Amino acid sequence: MRIKELEERSEVPRTTIHFYLRQGLLHPPHKTGRTMAYYDDSHVQRLKEISQLKKGSRVPIIFLKERMESSDGGAAAVPESYDVTKTVTTTKEKELKRQEIIKKAIEVFSKKGYHQTKIVDITSSLKISTGTFYLYYQNKRELFIEVIDSVFRNIVGEAAVAIKGETNLIERLKIRGRVFYKNYTKYSEILNQLRAELASEEQWPAEKIKKIYHGLTQPVLREIEAAIKEGIIREIDPDLLAYALTGLIEIMSLRISLDHKYDLEKIMDFIADLTINRLLPVDRDIK
């Protein structure tokens, strides 16, 4: 709960709550940002215990500290009667919950779009409270950015696993293309929403797109550089070729989705013939 709800449930004003926090009478809240803090039932119980000790009169802080320490073993400790397992989870459990939120957010963002999606659309689908959501993310934008990061980590990571053991340059690039296509069909709406955000006055969409395409093209760029060095393909700007290949795969993924005229293998062969095959030295042929 936020401090406003804590005030209402404990009937203690926030100025007093902040005073108790500074004095160590009340244990710290869970902070998710410089100005974002969340409290739970243990704080309500603690404040009620303090109020009972005071009984409406002014009581010296030292007296309150001594009485609270004698009752629970420490001025800032969580009351023993409060079950901390209800709100405190392990790092592994938190990560699993975060991944659940991301997975559900991908579904909701894909269906409703970034601007039409409300936080409650995601939390209600997961059957969690909005308070739980704010323990993981400060706002919808932060979640959307993490969704984008998750999508592209999947693409890059999956490609790295898929090409393991393959030494042929053209086949490696084809594998990358297949992985991109598979993920493009799953996440195209999310990617389109990110591009649409470029029209906004905010800086983060442009920065995110730059980071994403840098991450997508760098593995391809390194392969091209290695191929040039080994004499497999002729001299060419590796950066431009990496972006050209990535762009071709993306637009061809869109082409496949329009009708049934082409399948993925035809598209991969076409891209290879249009680009890499034409970069081979005259006396060199990759089998």
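Modeller: Helices (H or I, at least four residues) and strands (E, at least two) are DSSP runs, numbered from the N terminus. The structure above is a predicted model, in which local features need pLDDT of at least 70, side-chain atom pairs count only at pLDDT 80 or more, and totals for chains, interfaces and linings use all residues. Residues are numbered from 1 along each chain as its sequence is written, and side-chain values use heavy atoms, with hydrogens and water left out.

Colleague: How do you know that the span of helix H3 agrees with its number of residues?

Modeller: The expected span of a helix is 1.5 Å times one less than its number of residues. Helix H3 has 14 residues (41-54) and should therefore span 20 Å; its end C-alpha atoms are 20 Å apart, which agrees.

Colleague: What is found for helix H10, and where does H10 bend?

Modeller: The 26 residues of H10 (204-229) should span 38 Å, and the end C-alpha atoms are 37 Å apart, which agrees. The bend at a residue is the angle between axes fitted to the seven residues ending there and the seven starting there. By that definition H10 bends by about 35 degrees at Thr217, and Pro219, a proline, follows within four residues. After H10 comes Gly231, with a positive phi near 80 degrees.

Colleague: Why does Thr275 count as buried?

Modeller: Buried means under 20% relative accessible area, exposed over 50%, and partly exposed in between (1.4 Å probe, protein chains only). Thr275 has 11% relative accessibility, so Thr275 counts as buried. Thr275 is found in the segment after helix H12 (264-274). Contact means heavy atoms within 4.5 Å; leaving aside neighbours within four places in sequence, Thr275 is in contact with Leu245 and Leu248.

Colleague: Why is Met252 called buried, and which residues does Met252 touch?

Modeller: The relative accessible area of Met252 is 17%, and therefore Met252 is buried. Met252 is found in helix H11 (238-258). Not counting residues up to four places away in sequence, Met252 touches Ile267, Phe270 and Ile271. Met252 and Ile267 are 15 residues apart in sequence, and their C-alpha atoms are 6.9 Å apart in space.

Colleague: What makes a set of points a cavity, and what makes a set of points a pocket?

Modeller: On a 1 Å grid over the protein atoms alone, a cavity is a set of points where a 1.4 Å probe fits but cannot get out; a pocket is an open set with protein on both sides within 12 Å along at least five of seven lines; lining residues have an atom within 4 Å of a point. Grid points are joined across faces, edges and corners, and a volume is the space filled by probe spheres set on the points. A search of the whole structure finds two cavities of 30 Å³ or more.

Colleague: How does the lining of the largest cavity divide by class?

Modeller: Ala, Val, Leu, Ile, Met, Phe, Trp, Tyr, Cys and Pro count as nonpolar, Asp, Glu, Lys and Arg as charged, and the others, Gly among them, as polar. The lining of the largest cavity accordingly has 16 nonpolar, three polar and two charged residues.
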